[in-house]
Amino acid sequence: QVQLVESGGGLVQAGGSLRLSCVASGNIFNINGMGWYRQAPGKQRETVATITSGGSTNYADSVKGRFTISRDNAKNTVYLQMNSLKPEDTAVYYCNADIMDVKMIRLAYWGQGTQVTVSS
């Protein structure tokens, strides 16, 4: 069984920074794309940032220049460095990974979500 575990969420003042981590574990053969998503109350889940296995990245317009997605393949981990945080960034953040397990079954997995709250 593959599992994604997130950490790093919390309470910050506007202008502050947080670093989210998401570690994949289990019977993993290979991890392809990874990404971060967020959902605020009353809104649909939106893509924040994605990163391919080769390191190519994409960002939502609302976070460009402030957030950085990265990955450590040796640790099966994806990170989201969030700087210059704004109250509008307040949401539950979820990580996602496209994983081939040792039985060569490819599925998208989700983390449990971590709350990020930015005060003004």
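## Strands β9 and β11

Let's start with β9 and β11: they run antiparallel and are joined by 3 bridges. Strands here are DSSP runs of E, at least two residues long, numbered from the N terminus, and two strands pair if DSSP finds at least two bridges between them. Tyr93 has Thr114 in β11 as its bridge partner.

This is a predicted model, so local features need pLDDT of at least 70 and side-chain atom pairs count only at pLDDT 80 or more, while totals for chains, interfaces and linings use all residues. Residues are numbered from 1 along each chain as its sequence is written, and side-chain values use heavy atoms, with hydrogens and water left out.

## One disulfide

The structure has 1 disulfide, meaning a pair of cysteine sulfur atoms within 2.5 Å. Cys22 and Cys95 form it, with their sulfurs 2.0 Å apart. Cys22 sits in β3 (residues 18-25) and Cys95 in β9 (residues 91-101), so the link ties together parts 73 residues apart in sequence. Both Cys22 and Cys95 are buried (under 20% relative accessible area, with a 1.4 Å probe and protein chains only; exposed is over 50%, and partly exposed is in between).

## Asn32

Asn32 belongs to strand β4 (residues 28-39). Asn32 counts as buried because its relative accessibility is 18%. Leaving out residues up to four places away in sequence, Asn32 touches Thr52, Ser53, Arg71, Asp98 and Arg106, where a contact means heavy atoms within 4.5 Å.

Terms used:
Helices (H or I, at least four residues) and strands (E, at least two) are DSSP runs, numbered from the N terminus.
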